[in-house]
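I opened my notebook to record what I looked up in this structure.

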Amino acid sequence: MIKINLKDFKSPPAVLFSLGAIKQIELAVRTTDGDTYTNIYYRDKAVLDRLRAISIHKSTISEKESGKCYYCESKIEHAAKLQVEHFRPKAKITKIDTGQMDNNGYFWLGLEWSNLLLSCPICNRSKGNRFPIRGTRAVAQTPVDQHFCLDRTNCFAHQEPLISEKAILINPEQDDPKDYFGFNLVGEIEPTSSDFERSDASIKIYKLNRPALINERMKLWDQVVKDFDLDIANYEMGAETWNDLSAHCRKICRKLIARTAKEEEFSAWATYLNEQILDFIIADIAEPYQMLFFESYFSELSRHIPRSQS
């Protein structure tokens with residue numbers, strides 16, 4: 001999970017304040033039922049494309065590019081579509097988060113731009129209608145007047161009254177995940193903040209340590225080791241010179257460093273891997289070649305750092 005910075009809460013896609021969308025909000029408020037929404041508006045292509053672009057820190061995105069899940073950072077659009085997810089559930093909240101009391105959820109926020117995030121199907125399904133808070137749950141709002149005019153004043157996720165709920169789940173559009181999460185050497189996310197409750201609840205509710213996800217993270221380093229081992233084998237068989245091996249090692253390191261870019265899949269994990277590179281080298285690179293990898297990596301890293309940061 002990484003910080004998402006580019007969403008302008010005050011400039012939603014036009015479809016979200018079209019007359020049809022406003023009528024859906026009015027119906028949901030009148031019936032206090034978030035299940036009355038159809039997905040025609042919040043899953044509109046304009047909404048999805050904007051979220052896909054924002055997820056990889058761009059203002060626009062092409063059809064060939066992939067967005068990534070706000071929560072787990074996976075890019076799965078080749079296999080399954082990313083989904084628009086309601087951070088605050090539009091329908092009934094799971095009773096475990098309400099003291100076993102019935103709560104109809106945030107039905108007035110079903111089409112609220114600041115409440116719509118991008119999720120993979122697994123994170124979305126795992127979160128479901130969970131929404132634990134520390135503060136007092138916000139009173140339902142009536143953002144549509146009798147003339148079908150929309151007033152979002154009390155609906156913004158980063159303003160009152162919602163901010164006073166003190167949401168426990170991490171929202172990457174409002175919180176900086178690096179203040180709450182770290183990793184260990186086997187690809188598991190771990191709480192790093194003194195606010196253990198928020199960190200731990202988010203890891204468990206989004207299921208950020210599910211086995212398939214850990215395996216996908218580890219593939220990044222496993223591929224580095226596999227590629228370098230192949231080059232080592234070629235060198236030892238005489239098919240490559242030492243200069244060839246060094247050049248291939250630098251190329252491998254360049255690719256590894258490039259994976260820290262915000263638009264890349266699992267960039268938070270890649271950042272951790274790069275920051276702890278010595279531990280990974282010692283653990284998995286054959287000892288006679290550790291110094292070569294070490295020198296190649298830091299040589300490429302010095303080239304990668306912008307001059308203003310060097």
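**Entry 1: Glu 300**

I looked up Glu 300 and found that it counts as buried, at 5% relative accessibility. I noted the cut-offs: buried means under 20% relative accessible area, exposed means over 50%, and partly exposed is in between, with a 1.4 Å probe and protein chains only. Glu 300 sits in helix H9, residues 290-304. I noted how such elements are assigned: helices (H or I, at least four residues) and strands (E, at least two) are DSSP runs, numbered from the N terminus. Next I listed what Glu 300 touches, leaving out residues up to four places away in sequence: Arg 250, Cys 253, Arg 254 and Ile 257. A contact here means heavy atoms within 4.5 Å.

**Entry 2: Ground rules**

I am working with a predicted model, where local features need pLDDT of at least 70, side-chain atom pairs count only at pLDDT 80 or more, and totals for chains, interfaces and linings use all residues. Residues are numbered from 1 along each chain as its sequence is written, and side-chain values use heavy atoms, with hydrogens and water left out.

I checked the confidence next. The mean pLDDT of the protein is 92, and 97% of its residues reach 70 or more. The pLDDT is the predictor's confidence in each residue, from 0 to 100. Over residues 306-310 the pLDDT is below 50, and this stretch has 1 contact in the model beyond near neighbours in sequence.

**Entry 3: The whole chain**

I wrote down 9 helices and 4 strands for the protein. Along the sequence they follow the pattern α-α-β-β-α-β-β-α-α-α-α-α-α. The C-alpha trace spans about 80 × 40 × 40 Å along its principal axes. Of the 310 residues, 49% count as buried. I also looked at contacts between residues at least 6 apart in sequence: 68% of them join residues at least 24 apart.

**Entry 4: Salt bridges**

Side chains of opposite charge can pair when their charged atoms come close. I used this rule: a salt bridge is a side-chain nitrogen of Lys or Arg within 4 Å of a carboxyl oxygen of Asp or Glu. The count comes to 21 salt bridges.

I picked out some of them. Glu 65 and Lys 58 meet in a salt bridge at 2.4 Å, N to O. Glu 65 is partly exposed, with a relative accessible area of 24%. Lys 58 is partly exposed too, at 31%.

Then I turned to Glu 85 and Lys 127, whose side chains form a salt bridge at 2.8 Å, N to O. This pair links distant parts of the chain: Glu 85 is in strand S1 (residues 83-86) and Lys 127 is in helix H3 (residues 121-127), 42 residues apart. Are these two residues buried or exposed? I found that Glu 85 is buried, and so is Lys 127.

Asp 195 and Arg 134 also meet in a salt bridge, at 2.4 Å, N to O. Asp 195 lies in the loop between strand S4 (189-191) and helix H4 (196-206), and Arg 134 in the loop between H3 and strand S3 (181-183), so the pair ties together parts that are 61 residues apart in sequence. Arg 134 counts as partly exposed, at 40% relative accessibility.

Which residues are linked in a network of salt bridges? I wrote down Lys 45, Asp 49, Arg 52 and Glu 63.

**Entry 5: Backbone notes**

I checked the peptide bond from Glu 160 to Pro 161, and it is cis, with omega near 5°. Pro 161 has its place in the loop between H3 and S3. Lys 166 is found in the loop between H3 and S3 as well. Lys 166 has a positive phi of about 60°, although it is not a glycine. Lys 166 is exposed, with a relative accessible area of 53%.

Gln 100 is another residue other than glycine with a positive phi, near 70°. I found Gln 100 in the loop between S1 and strand S2 (116-119). At 54% relative accessibility, Gln 100 counts as exposed.

**Entry 6: Glu 264**

Glu 264 counts as partly exposed, at 27% relative accessibility. Not counting residues up to four places away in sequence, Glu 264 touches Lys 68, Glu 73, Lys 75, Ala 258 and Arg 259.
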